[in-house]
Amino acid sequence: KQVIETLIQSGFKINEILKLLSVSKRTIYRRMSKYNLSVYNFTNIDDEALRTEVIKVTSEFPRIGETMIRQVLHQKGIKVWTQNKFIFIFYEIVSP
């Protein structure tokens with residue numbers, strides 16, 4: 001667990017990790033699942049805080065689309081996953 005976790009935190013990609021450890025991609029993903037590890041570092045943000053940020057951005061850029069707002073949020077240090085109600089919040093604000 002510690003080896004894979006350290007490599008992920010150091011920025012190694014899955015393909016690099018499997019070559020370093022001489023294991024299959026399936027083995028890496030299975031171990032990541034077993035130890036609840038992820039290569040993605042999403043921001044821990046609640047729906048209300050996300051809604052506030054989306055409102056700020058859409059008020060500044062009224063015609064902004066989903067992809068662009070995701071990039072603006074990323075620049076602000078907010079990385080959200082699609083299932084994090086982002087799309088629902090975005091369309092609720094843009095198309096009331």
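These questions and answers cover a predicted model. Residues are numbered from 1 along each chain as its sequence is written, and side-chain values use heavy atoms, without hydrogens and water. Local features need pLDDT of at least 70, side-chain atom pairs count only at pLDDT 80 or more, and totals for chains, interfaces and linings use all residues.

Q: Which element has the lowest mean pLDDT?
A: pLDDT is the predictor's confidence in each residue, from 0 to 100. The protein averages 83, and 90% of the residues score at least 70. Helix H2 (residues 14–21) has the highest mean, 92, and the lowest, 67, belongs to H6.

Q: Is Arg-26 buried or exposed?
A: Arg-26 lies in helix H3 (residues 25–34). Buried means under 20% relative accessible area, exposed over 50%, partly exposed in between (1.4 Å probe, protein chains only). With a relative accessible area of 54%, Arg-26 is exposed.

Q: Where does Ser-22 lie?
A: Most residues other than glycine have a negative phi. Ser-22 is not a glycine, yet its phi is positive, about 55°. Its relative accessible area is 65%, so Ser-22 is exposed. Its place is the loop between H2 and H3.

Q: What is the relative accessibility of Asn-36?
A: Asn-36 sits in the loop between H3 and helix H4 (47–60). Its phi is positive, near 55°, in a residue other than glycine. Asn-36 counts as exposed, at a relative accessibility of 70%.

Q: What separates the C-alpha atoms of Gly-77 and Thr-43?
A: Gly-77 is in the loop between helix H5 (66–75) and helix H6 (82–94). Gly-77 counts as partly exposed, at 49% relative accessibility. Gly-77 and Thr-43 are 34 residues apart along the chain, and their C-alpha atoms are separated by 7.8 Å.

Technical notes
Helix = DSSP H or I, 4+ residues; strand = E, 2+ residues; numbered from the N terminus.
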